[in-house]
Every structure is written in structure tokens, then in C-alpha cells.
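Visitor: Hi, could you walk me through this one slowly?
Guide: Gladly; have a look first, and then ask whatever comes to mind.

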Amino acid sequence: KVAIKGIERELICPACKELFTHPLILPCQHNVCHKCVKEILFAFEDSFADGGSESSNQSSPRIRISSSSMDRIDRISRSGRKRNSLTPRSTLFPCPGCQRDIDLGERGINGLFRNFTLETIVERYRQAARAAIAIMCDFCKPPPQESTKSCMDCSASYCNECFKIHHPWGTVKAQHEYVGPTTNFRPKVLMCPEHEMERVNMYCEICRRPVCHLCKLGGCHANHRVTTMSTAYKTLKEKLSKDIEYLISKESQVKAHITQLDLLLKETECNSERAKEEASQSFEKLYHVLEEKKSAALRAIETSKNIRLEKLQTQVEEYQGLLENNGLVGYAQEVLKETDPSCFVQTAKQLHVRIQKATESLKSFRPAAETTFEDFVVDTTKQEDILGDLSFHSNGLEIPEINEEQSKMYNKALISWDCPGKTDSADIYVLEYHKLNREEENVTWQKIEVCGKSKVVSDLDDDSSYAFRVRGYKGSICSPWSREVILRTPPAPVFSFVFDDKCGYNNEHLQLNPRRTSVESRAGFPLLLGSERLQVGCYTTLDYIIGDTGIAKGKHFWAFRVEAYSYLVKVGVVPSNKIQKLFHSTHDVTSPRYEQDSGHDSGSEDTFFDSSQPCTLVTLGMKKFFIPTTPAAPKDPASRILPLPSCLGICLDCDRGRVGFYDAGRMKCLYECEVDCSGIMYPAFALMGSAAVHLEEAVTAKYREYHDDI
């Protein structure tokens, strides 16, 4: 027999951390107290009403809901589920045992079974724990007597006398089932929670729960495989018995593992003490080095101070000698009293040289020594950085590398990195970044802890360069820093829009994706039909499309990608007062001007069209970027043709009346010109032949996960 006291851990509710009280079996097969389930559901309902506020998370002082469970409750409450809906809604329950969101179905808590077997075991444990505490009779007059038996049908405890009175011989009550004194009364027949008047008599092998015949006939278990309760009882009991026998037969192996684990515990203690001692010795060496450096620096400062003081003191004494009746001046005054010319000349010549030197030093006074000790300032900036990075380095932890192709700067920064060995050996990564500023001497790195291999960084300044680096951590061991990668933010805030499918949109030639973020030119069959009657040369039409949102003021930036196979694409901006002219001035091959006998002279019209463009556009195509022909442009045609960047950007400054075209990957301006911003400005695109343009998507917190799913 297994001792009751050895199974305490199995009798504790994972929510309240106390002994189970009326435990319910969840669909995930974990048990939770009935009261705990209600309190967690109340917290869930409050999070709907309060919008997931933190104040609603504390529903009861009794229950201890983990932060991860409350995060799941907040996530579920923000997922858009509607309350009081006419359609049936299921109840999601964050299980505190397996940390998963469990669907309780439409009936919610009412559809859960009570675990009477677990209740009985808990009651047996409680009785063993309070063996000295007697259960009193429920029917004795005060003072009550100690009970000797409990009736399972009456759910009450009796002493011998009261039991005879309430269960007289020859009556129906005499047939009641009675057991030893207990406070745990459970029904003799297990009823179906879905159909409260029906007893369970079958077992669903799919859902692994007891069901009644109505559940099988027309309920949610209609198409499930079921078996009789007796068969399920026999099968499960045999399996459980075999598993228990197997574990008991392996008792020696379990004891051997326990012995091995005890040795590992002791070995871990010893190794940790040894590691502490080695770490202390390493730091002691650093202390000694610092103490030696400190002593040497202080000695050097003291020596320099003494030398300077000696020089300054000597200079003081020399200048004191220049005072009247003192030192050199006093001696010279005494020499002047000499009346013998030969003796005077003999003494005065040397004295005159000294007096001249004193006079010159007086005219150009300069201290004999510096008072500042700027040469003795110790710069410890690099050493502080090195000590700040001091940690347990391991050769086995790979150095991560920032992937510049997958990283991007747009409305936010998306930084992605990989490990060379393609193994995720680190438990957590630390991403650091700082803004490049030439004026700042001391660099302050911003630090972010990341569980995955990418991170979205917000709140970066526009038109600025940032340095990024990353390192991996596994416990207390870390890898060296990765190579620093410098990325530049857009020159202005990102402007969000989609293609307009109403204004001038030609659905015969252009095709939009459902989200209106990509447009593709498909001249195809309609253009061939229109060209069937042509006998003279002509140029085909440009199909224009604009953004659905305009810009009235300020500085804005947007980016897009042009497919490499594109033949001709024009991009730029158009004012609102010229949109109609833009769409009506396009050349159509089916117009009368292309008929043989129409009488139109297309040459003059071509000249007018080229000289009166209603919008500011640059030309792209065949993997090239063409700088427009302007007086300021290079005269050499070859120098006006640049390779087409993988991602292009446009920066419109309405206040200055300037528009710039950028290599959005490097945030480098390729071409800039003036533009008339008198009206509302719209992004404009034109396609001809086979071509496609894709608007750059804004970076969000789930950007990496979304694209990984795709």
C-alpha cells in the first residue's frame, strides 16, 4: 500500500496551491477546484468589461493566478470576441496546470465532471492528517456524541443511538449505504452534466470522458466512437494496474536514479564552490592590477608635484631678491657704494649681467612650472566598457550575425540575426543600439532582451544613423558581441496609403491585389485588339494609378519595390488640380489620331505632350534608374543611368517644395528637384508593358511572424 502522506503533491490544486475542494476535470485532464474555476472565469469576464486592465486581474485574494495565465486572459479578451451575441459562444479557460487555453464549450463550467475519486482520496488524506479529531454526530442534542458511521444516502453522520432512530429496522432507510465517519459525501450515481436527468453509461474514446445515451444520439458525441462504461472501467483499470506494476517492478532502478541525482546534487554544490573560488581569484587579480596602477599613478602625481613646488619656490626666492634692500638688489646697492674704480669694475661686470637677466625675466614673467595636472588624468572609458561586458565567455556559444538583407528600416526598425551554425544554442539574446552622433564622446547603448532571432525597435529619430549589435546568452554564459551594423532611418515620417481603385483606375490594363498594395500592368489582349488596325508607328499608352490618400503639408516618405522584369515604370507625385489632366492626356492607340486618314499630325502633339507633363515623375525600367534631363543633370547620358535599387523611396517636402528619390535600402538620395505643392499632392505611378510595383509594408510588432507564416 502507498502511504497517504507520500502523495501530497498530487492532491494540491494548481490554482490555489491548497488541497482540492470539489475538483473538476478539465478537457485537458487536469483537475482544478470548483471555486478556483469560477474565480478564474470571473477574472476572465472582468477583463472583457474593463478592457483587460490590470486592476481587473486580481479577482480574489485566495487564488494565485500566474502572470502568464493573466497574459493569456488579456490576450483572449483583446481577440475580438463579442459578448451577448446571438450566436453560441464557447468559453475559453486558461488552465493553470498546462498553461494552455482550454475550450469548455457552450455550457462552460456546467459541462465539467466532478472528480469524485480524487475527492475521496483527498478526504482520506485529511482524515489521516486529523486522526485525533473526531467527527461528531449531526443529530445528537448538545453536547453531541462522537459519530460511529456516516450515511451516504442521507449525507450525514450518526452515533449508534441516532442511527437506530433515523434508520429503523424494516423501513426503506434501513437499506441505505453507510460507511465509517466521513465528511465527504458523493452521489451514488454519476449524472450527465449535459443532460442532468440522465446517468452516464458510456465512455467516449475520442473525448476521453463519460457520456449518456442522449449525448451519443444527438449531442456533440454523435459521430464519436464510444464503449460501455463497464468495458471502459475494465480496460482503464487493467492499463492503470499494469502501469503501476511496471513502476513498482522498477523500484530498484528508480532508487538508483535517485542515488545518482543525490550525487549530482553534491557534485553541483562542489563545482559551484570551485567556480566561485576561481571567479574570486580572477577578480582579486584585477584588484591587484588596479591597486598597482593606482599606486603608480599617485606616485607619479606626487613626484611631479614636488618638482613643480621646488621650481616655483626657487622662482619665488629669485623674485624676492629683486626687492629693495633684499637679495640681489640689496647687494647691488652695496656695490654702488664702492669708490675704488678698479674694484668696482671688477665686481660690477658680473653683477650687471645678473641684473640684466632679472630685468628681462621681469618684463616677460612666466611661472617656472604648470599648476594643472591635465597630463595625469586617467581615461578609463574603454576599460569601463570592457569591465561592463565582463561575463562568462564560452567557446561553444556561437557569435550571432545580424542579417542585413532581412533587417529593414522603415516606420520602425526590424533587426534580424542568425547563428553561423544554424543552431539556436542561446537561450536569450541581448540587442543593443545607439544613435551615431559625432558630438557625443561617451556612447550610451540601449539594451533589449529578445527571446527569438528578430526584434522590432520603435521610437527612432528620422534621418539618423543607428549602430546595432547582438550577443547570445545561455544561463550566465554569453557570446562575444556581433559585428556592428549601421542602418539609417528614413528622412521623414513614413506615409501610409494604398492604390486608389476608383480615380482613373483602368482595370483592363492594370490588376490590383486584394489589399491594394501591389499593381501589375497587363496590356495583353485588349491592346492587341486595339492595335489590329494600325498601319503606322505609334507609342503605346501609359496606365496611371495614384494613391488613395493625399498630402497637404509637412514632410513625408514612402517606399516601394519595382519588379526586375518591369519594362517601363514612372513614379513621382501629382497635385490634385492636375489629376484629371493626367488621366485624360494619356495616348490611346484606339483613338482617331491613329487612324490612317484621320488627318491628325501626331508630331506636334507629341512635342506638346512631352513639354507639358502634369506631374513630377522619374523613369525606371529594365533594371535601371534614369535621372531626368535637366540643366543641372550630367550631360553624359551614361552618367544619368544608375542601377535600379531593390527598394525605392520618395520623400516629399511640401513646405520647401522639394521631392527626392531615394535608394530606400541605404537611404541615399539619387535625385532631387523642385515641385509645385500648391494643391494636395498624391503619390503617382505609371506602368507600360510588363511591369509591377509593390508598396513597402509598414513594420509592426508581429511583422516577422506574419512573413514567416507566409
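Guide: Let us begin with a pair of charged residues: Lys474 forms a salt bridge with Asp427, and the closest N and O atoms of the two are 3.5 Å apart. Lys474 belongs to strand β19 (residues 465–474), while Asp427 sits in the loop between β15 (413–418) and β16 (428–435), so the pair ties together parts that are 47 residues apart in sequence. Please keep in mind throughout that this is a predicted model.

Visitor: Okay, and is Lys474 buried or exposed, or something in between?
Guide: Lys474 is partly exposed, because its relative accessible area of 42% falls between the limits of 20% for buried and 50% for exposed.

Visitor: How many salt bridges does the count come to?
Guide: The count comes to 19 salt bridges. Another of them brings together the side chains of Arg658 and Glu674, at 3.9 Å from N to O. Here Arg658 is in strand β31 (residues 658–663) and Glu674 in strand β32 (residues 668–674), so this pair ties together parts that are 16 residues apart in sequence. Glu674 counts as exposed, with a relative accessibility of 64%.

Visitor: What about Arg561, which residue does its side chain meet in a salt bridge?
Guide: The side chain of Arg561 meets that of Glu696, with 3.0 Å from N to O. This pair links distant parts of the chain, since Arg561 is in strand β25 and Glu696 in the loop between β34 and α14, 135 residues apart. Arg561 counts as partly exposed at 35% relative accessibility, whereas Glu696, at 14%, counts as buried.

Visitor: Why does Glu696 count as buried?
Guide: Glu696 counts as buried because its relative accessibility is 14%, and buried means under 20%.

Visitor: So what does Glu696 touch?
Guide: Leaving aside residues up to four places away in sequence, Glu696 touches Lys408, Tyr410, Ala559, Phe560, Arg561 and Cys647. With Lys408, the side chain of Glu696 makes a polar contact of 2.5 Å, and with Arg561 there is a side-chain polar contact of 3.0 Å.

Visitor: Switching topic, which strands does β25 pair with?
Guide: Strand β25 (residues 555–562) pairs with strand β30 (residues 648–653) in the antiparallel sense, over 6 bridges, and in that pairing the bridge partner of His556 is Leu652. β25 also pairs in the antiparallel sense with strand β34 (residues 691–695), over 3 bridges, where the bridge partner of Val562 is Val693.

Visitor: And how many helices and strands does the chain have?
Guide: The secondary structure of the chain comes to 14 helices and 34 strands. Buried residues make up 34% of its 710 residues, and the chain exposes about 45100 Å², of which carbon and sulfur atoms supply 53%. Among contacts with a separation of 6 or more, 61% are between residues 24 or more positions apart.

Visitor: One last thing, where does UniProt place the coiled-coil region?
Guide: The unreviewed UniProt entry places a "coiled-coil region" at residues 258–285. In the predicted model, that span is 100% helix and 0% strand, and its end C-alpha atoms lie 41 Å apart.

Key
Residues numbered from 1 in each chain as written. Predicted model: local features only at pLDDT ≥ 70, side-chain atom pairs only at ≥ 80, totals over all residues. Heavy atoms only, no water. UniProt positions renumbered as here; feature names shortened; annotations may be inferred. Helix = DSSP H or I, 4+ residues; strand = E, 2+ residues; numbered from the N terminus. Pairing = 2+ DSSP bridges. Buried < 20%, exposed > 50% of the residue type's maximum accessible area, 1.4 Å probe, protein only. Contact = heavy atoms within 4.5 Å. Areas by Shrake-Rupley, 256 points an atom, 1.4 Å probe, with all protein chains shown as cover. Polar contact = N/O pair within 3.5 Å; in protein donor to acceptor, adjacent residues only side chain to side chain. Salt bridge = Lys/Arg side-chain N within 4 Å of Asp/Glu carboxyl O.
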